[in-house]
Amino acid sequence: MRYRLTFIAGLALGYVIGTRAGRERYEQMKKSARRFAENPAVRNTAESAAQSGRDLAGKAYHAVSEKVGEKVPAPVADRVRSLRDRGRNGEDDWGTSNT
């Protein structure tokens, strides 16, 4: 019984210390990730990648629409055109509804 009680107390103490250390490490990683995301070089790279993606999506749409013709549904074609036009102005509402 004495060893069992010592084992349970040690287990409880290890759990408490581990969770505190885990929480501190989590906060440290979270702070580091936030600092990384706020870095101007990272933000510029992400923005240029997004712009390149928009440009490539527009080119791909034109290439596909030439081959497919009028088989692209009108709502899809309208949505792609509106996204392409808004991308030029720096705005992007991808994923939001128009209702």
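Which helix does Leu 11 lie in? Leu 11 is part of helix α1, which covers residues 2–37. Keep in mind as you look around that this is a predicted model.

Let's start with the overall picture. The protein has three helices and zero strands, and from the N terminus on its elements follow the order α-α-α. Of its 99 residues, 8% count as buried. The accessible surface amounts to about 8,800 Å², and carbon and sulfur atoms account for 59% of that.

| Helix | Residues |
|---|---|
| α1 | residues 2–37 |
| α2 | residues 40–68 |
| α3 | residues 74–88 |

Back to Leu 11 for a moment. Together with Phe 7 and Ile 8, Leu 11 makes a nonpolar surface patch of about 340 Å². Leu 11 counts as exposed because its relative accessibility is 54%, and the cut-off for exposed is over 50%.

Helix α2 is worth a look too. Its 29 residues reach 41 Å from the first C-alpha to the last, close to the 42 Å expected at 1.5 Å a residue. At the start of α2, the backbone nitrogen of Ala 41 has a side-chain oxygen of Asn 39 within 3.1 Å. Further along, Gly 58, Tyr 61 and Ser 65 of α2 are buried.

How confident is the predictor? The mean pLDDT of the protein is 78, with 81% of its residues at 70 or more. Among the elements, α2 has the highest mean pLDDT, 85, while α3 has the lowest, 73. Where pLDDT is low, the predicted coordinates should not be read in detail.

Key:
Residues numbered from 1 in each chain as written. Predicted model: local features only at pLDDT ≥ 70, side-chain atom pairs only at ≥ 80, totals over all residues. Heavy atoms only, no water. Helix = DSSP H or I, 4+ residues; strand = E, 2+ residues; numbered from the N terminus. Buried < 20%, exposed > 50% of the residue type's maximum accessible area, 1.4 Å probe, protein only. Areas by Shrake-Rupley, 256 points an atom, 1.4 Å probe, with all protein chains shown as cover. Patch = residues over 30% accessible without salt bridge, like charges linked within 9 Å, V, L, I, M, F, W, Y side chains within 5 Å. Salt bridge = Lys/Arg side-chain N within 4 Å of Asp/Glu carboxyl O. Expected span 1.5 Å × (residues − 1). Polar contact = N/O pair within 3.5 Å; in protein donor to acceptor, adjacent residues only side chain to side chain. pLDDT = per-residue confidence, 0-100.
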